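Here are my notes on the model, as numbered points. Please read them with the structure open.

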Amino acid sequence: MMKLRHLYIVILFPLLSACAPEPPLHLYDEGDVEMDLPVVDLDLQVYWDYSMVYGVNYDWKAEWYYGWDDEDRELFGELGYVEPTIFNLRRYYTGDRPNQPHTTVRQSTVQGSHFRERYDWGYWDILCWNDIHTLDGIQSLIFDEETSLDYVTAYTNQTMHSSRYNAPKYTHSFYAPEPLFAAYEQGIEINRNLDGFVYNPEENVWVRTLNMELLPLTYIYLTQIILHNNRGRIVSTDGSGNLSGMARSTVLNTGRAGTDAITVAYTTRMKNDVPYVSYAQTTAGASTQDAERVDIIGGRLMTFGIPELDANRVSPRSEMVPDNHRHYLDINVQFQNGMDSTMVFDVTDQVRRRYKGGVLTIELDVDDIPIPQRPGGSGFDATVLEVEDGGTHVFDLTRRKRVLRKPE
């Protein structure tokens with residue numbers, strides 16, 4: 001799992017002798033402390049491990065046909081999580097009593113993985129999260145540290161694009177957040193007796209190790225719409241995509257997503273003539289030589305996850321917060337006759353199963369899609385039909401009389 005393996009706190013004291021180390025604690029009103037922020041371990045295959053909940057291993061690579069080439073990296077960045085190198089540190093001193101409300105905060109920025117500062121004797125709470133870096137230098141994440149010193153909340157703002165699917169409160173979609181990781185530890189005691197510290201004779205210092213986990217609070221979804229029998233009828237996508245029913249915010253201290261459900265906007269791209277061998281065919285021994293050639297509309301989406309859920313702490317012994325929201329994926333595509341259409345798919349079951357991210361797959365037989373004869377016309381909704389092939393879903397298209405027009 002992705003985590004800070006350890007957070008080292010080192011108190012430096014001059015020692016009376018090498019054979020009988022005993023720091024002259026009476027000389028100090030506060031301790032000099034070093035903190036090492038070890039390298040973050042990033043691996044989607046490890047992080048997207050749903051065996052604890054579902055009892056099966058999740059091989060997302062076997063489901064992911066869209067791939068991720070140099071153009072995708074240039075447009076959207078890396079496919080998975082990227083190791084952060086700069087951290088924001090917040091230290092809260094609670095005096096001689098642990099787990100008290102925060103009244104003051106000491107703010108620091110850590111470049112790299114090493115931090116040294118002085119600490120008063122007593123109890124401390126420490127919050128750490130990564131600094132944000134983007135390809136274009138524009139940041140979507142906003143951090144609220146003013147409402148309360150006890151919590152830091154992260155959120156994004158609305159875009160200019162309309163949101164019509166499962167958006168009862170907000171009429172516009174929201175920007176996707178950047179990758180966000182956080183760790184929080186309460187009641188860290190730094191006392192004059194050095195309880196909990198171990199002497200390191202090689203470096204002549206006292207060391208205490210904290211089990212702080214740096215966990216993701218934004219979750220990656222890889223979306224792909226596989227077009228069978230397209231034969232050039234769907235020629236492109238306008239690049240816009242939306243996923244509804246996701247959380248608007250998250251609390252860094254607790255890891256729990258906010259209660260408000262919103263629609264998250266992201267960017268998509270279409271690839272042609274992609275080799276496709278289904279999960280079931282692969283399991284049966286099929287090779288790439290048997291591959292069907294398909295077109296795929298794919299993308300990478302970052303969200304705060306399902307509302308009210310702390311996705312990192314779901315286990316067989318803990319109940320998931322009931323997900324009362326439907327999750328709809330919608331994209332806009334262009335046809336060979338110059339017309340466009342908005343396609344809307346119900347991916348609720350997939351999102352609930354992949355509550356901390358994963359691949360969302362939609363399979364379409366273009367022979368079943370009505371070709372629009374006017375702009376924004378012949379839109380359709382899709383109804384999920386489950387198939388036992390490792391998590392892929394086939395969608396039976398149900399034609400509707402109502403027209404789904406292109407989002408503004």
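1. Strand β16 and strand β18 (residues 261-276) run antiparallel and are joined by six bridges. Strands here are DSSP runs of E of at least two residues, helices are runs of H or I of at least four, and both are numbered from the N terminus; two strands pair if DSSP finds at least two bridges between them. Within β18, T267 is the residue opposite S240.

2. On conventions: this is a predicted model, in which local features need pLDDT of at least 70 and side-chain atom pairs count only at pLDDT 80 or more, while totals for chains, interfaces and linings use all residues. Residues are numbered from 1 along each chain as its sequence is written, and side-chain values use heavy atoms, with hydrogens and water left out.

3. β16 also runs antiparallel to strand β20 (residues 328-335), again through six bridges. Here S236 faces Q334 in β20. β16 itself spans residues 234-247 and is mostly covered, with ten of its 14 residues buried (buried is under 20% relative accessible area, exposed over 50%, partly exposed in between, with a 1.4 Å probe and protein chains only).

4. The largest pocket holds about 1,300 Å³ of space. A pocket is an open set of points on a 1 Å grid over the protein atoms alone, where a 1.4 Å probe fits, with protein on both sides within 12 Å along at least five of seven lines; lining residues have an atom within 4 Å of a point. Its lining has 45 residues, and F76, T134, P177, E178 and R300 lie nearest the centre. β16 gives the most to this lining, four residues; among the other elements supplying at least two are α4 (70-76), β18 and β19.

5. T303 belongs to strand β19 (residues 292-303). Is T303 buried or exposed? T303 is buried, because its relative accessible area is 0%. Its side chain reaches the backbone nitrogen of G305 at 2.9 Å. Beyond neighbours within four places in sequence, the contacts of T303 (heavy atoms within 4.5 Å) include P177, L217, Y221, M246 and V264.

6. A separate entry concerns an open sheet of three strands, in the order β7-β8-β17 with antiparallel pairing. β7 (142-144) and β17 (249-251) are the edge strands, each pairing on one side only. The twist from one strand to the next averages 25 degrees (axes are lines fitted to C-alpha atoms, and angles run from 0 to 180 degrees between N-to-C directions). β8 (residues 153-155) pairs with β17 over three bridges, and A154 has T250 of β17 as its bridge partner.

Conventions
A polar contact is a pair of N or O atoms within 3.5 Å; within protein, one must be able to donate a hydrogen and the other to accept it, and residues adjacent in sequence count only if both atoms are side-chain atoms. Grid points are joined across faces, edges and corners, and a volume is the space filled by probe spheres set on the points.
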